[in-house]
Amino acid sequence: MIKFLDLKKVNDLYEPRLSHAIKRVVESGRYVGGGELERFESLMKGVSGADYVIPTGNGLDALTLILEGYKFAGKLKTGDEVIVPANTYIATFLAVWRAGLTPVAVDADRLTMNIDFGKIESAVTERTRAIIIVHLYGKIAFDSRLAELKKKYSLLVIEDCAQSIGAKLNSVSCGSLGNASAFSFYPTKNVGAMGDGGAVATSDVELADVIRSLSNYGSDRRYHNIYKGVNSRLDAIQAAVVNLKLESIDEISSRRVCRAALYERLIDNDDIVKPMFSDDFSNVYHQYVVRTRHRDLFREFLLKHGIETDCHYDVAAIDQPCCSGEFIGDYEVTREIASTCVSLPIGDHLDESQCRMIAEVVNKFKANR
Ligand SMILES: *Cc1c(COP(=O)(O)O)cnc(C)c1O
């Protein structure tokens, strides 16, 4: 059986250094803050290209803290509208709601499966203040039209980099394409901790200061609280695990691009639509998402041949029960993706022969047998 994901196998790649790193933290006696956190900030500055990095408890907190930080900094206020891609993971929406703002969903583009930059302007109202671009499945979502809209409507551009760590557009890293960015180190992400973790990256010193306080009980110094903040920290053990992986971020991305290149070269089936391929690191293939009108049959066929698959996501964020049908409008592509997407295994638990085997089985699938 080829598993969709095998985190034990992925983490075994880092042994014995991983166990040593954890043991070092255990023996240091310093479990919140300390050297691993300093190293984390420095590594993440390199990976994101941003001047300031604030570690957080998870990716959702990172996104929420950016939005709340802008409120405390006077750049957003309750009720402001934030544009989000309709087909993102629900966390992007949850962050907007948690910050007391209103998400306005924009449909996806059929080719990139990212936000449709051509559909953004018609969603802008006089209350629109920000846009969260999500580099979904690891593919950079950026376009000259975004820069124009940002200027024309004075929008804050926030990047959700939870799936795209290490991705670059030309030589600019995701994390410094907009005003502020959020990262996640949830165990299944390209750089995974052994628990939860996240980070904010930004080159805006004022925002960075506010978020650093907000994430630490709203304090600017010990026992002095200037905001009604939260407790959202990355602990030293998680930082030690993540640091080890951040040191080889380019290898992590390269291995994923290599597997995607194999799929791109070998998969050839009229019933299966492959994602756009690029080998310039503008896509770090967090997921390799193919589409087929015969999803159930296809997934069953693969499973019968010992291949697990997944769906990201079979119910779009806008159609989740928590949205209570509030998103009406033109979400044709988002819904088409939700009803046709299938994620093939792409993680570091696979070797080349397994990728070849997966491609062979995909090619054998026929919808009308
Ligand atoms: C995983 C993810 C998040 C949230 O990260 P957590 O660390 O799980 O809170 C946010 N946005 C996207 C697109 C994600 O994939």
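**A threonine and the ligand site**

The side chain of Thr56 reaches the backbone nitrogen of Ala199 at a distance of 3.2 Å. This is in a predicted model. A polar atom of the Thr56 side chain also lies 2.9 Å from the backbone oxygen of Asn58. Thr56 itself belongs to strand E1, which covers residues 52-56.

Is Thr56 buried or exposed? Thr56 counts as buried because its relative accessibility is 0%, and the cut-off for buried is under 20%.

Now turn to the ligand. The space that the ligand takes is the largest pocket. How many residues surround the ligand? There are 13, and the closest are Gly59, Asp160, Gln163, Ser184 and Lys189. Sorted by class, this shell around the ligand holds 5 nonpolar, 6 polar and 2 charged residues.

With Ser184, the side chain takes part: one of its polar atoms lies 2.6 Å from an oxygen atom of the ligand.

How much of the ligand's accessible area does the protein cover? On its own, the ligand has 380 Å² of accessible area, and the protein covers 91% of it.

Technical notes
Residues are numbered from 1 along each chain as its sequence is written. This is a predicted model: local features need pLDDT of at least 70, side-chain atom pairs count only at pLDDT 80 or more; totals for chains, interfaces and linings use all residues. Side-chain values use heavy atoms; hydrogens and water are left out. A residue is near a molecule or strand if one of its heavy atoms lies within 4 Å of it. A polar contact is a pair of N or O atoms within 3.5 Å; within protein, one must be able to donate a hydrogen and the other to accept it, and residues adjacent in sequence count only if both atoms are side-chain atoms. Accessible areas come from the Shrake-Rupley method with a 1.4 Å probe; for residues, only the protein chains shown count as cover. On a 1 Å grid over the protein atoms alone, a cavity is a set of points where a 1.4 Å probe fits but cannot get out, and a pocket is an open set with protein on both sides within 12 Å along at least five of seven lines; lining residues have an atom within 4 Å of a point. A molecule sits in a cavity or pocket if more than half of its atoms lie within 2 Å of its grid points. Ala, Val, Leu, Ile, Met, Phe, Trp, Tyr, Cys and Pro count as nonpolar, Asp, Glu, Lys and Arg as charged, and the others, Gly among them, as polar. Helices (H or I, at least four residues) and strands (E, at least two) are DSSP runs, numbered from the N terminus. Buried means under 20% relative accessible area, exposed over 50%, partly exposed in between (1.4 Å probe, protein chains only).
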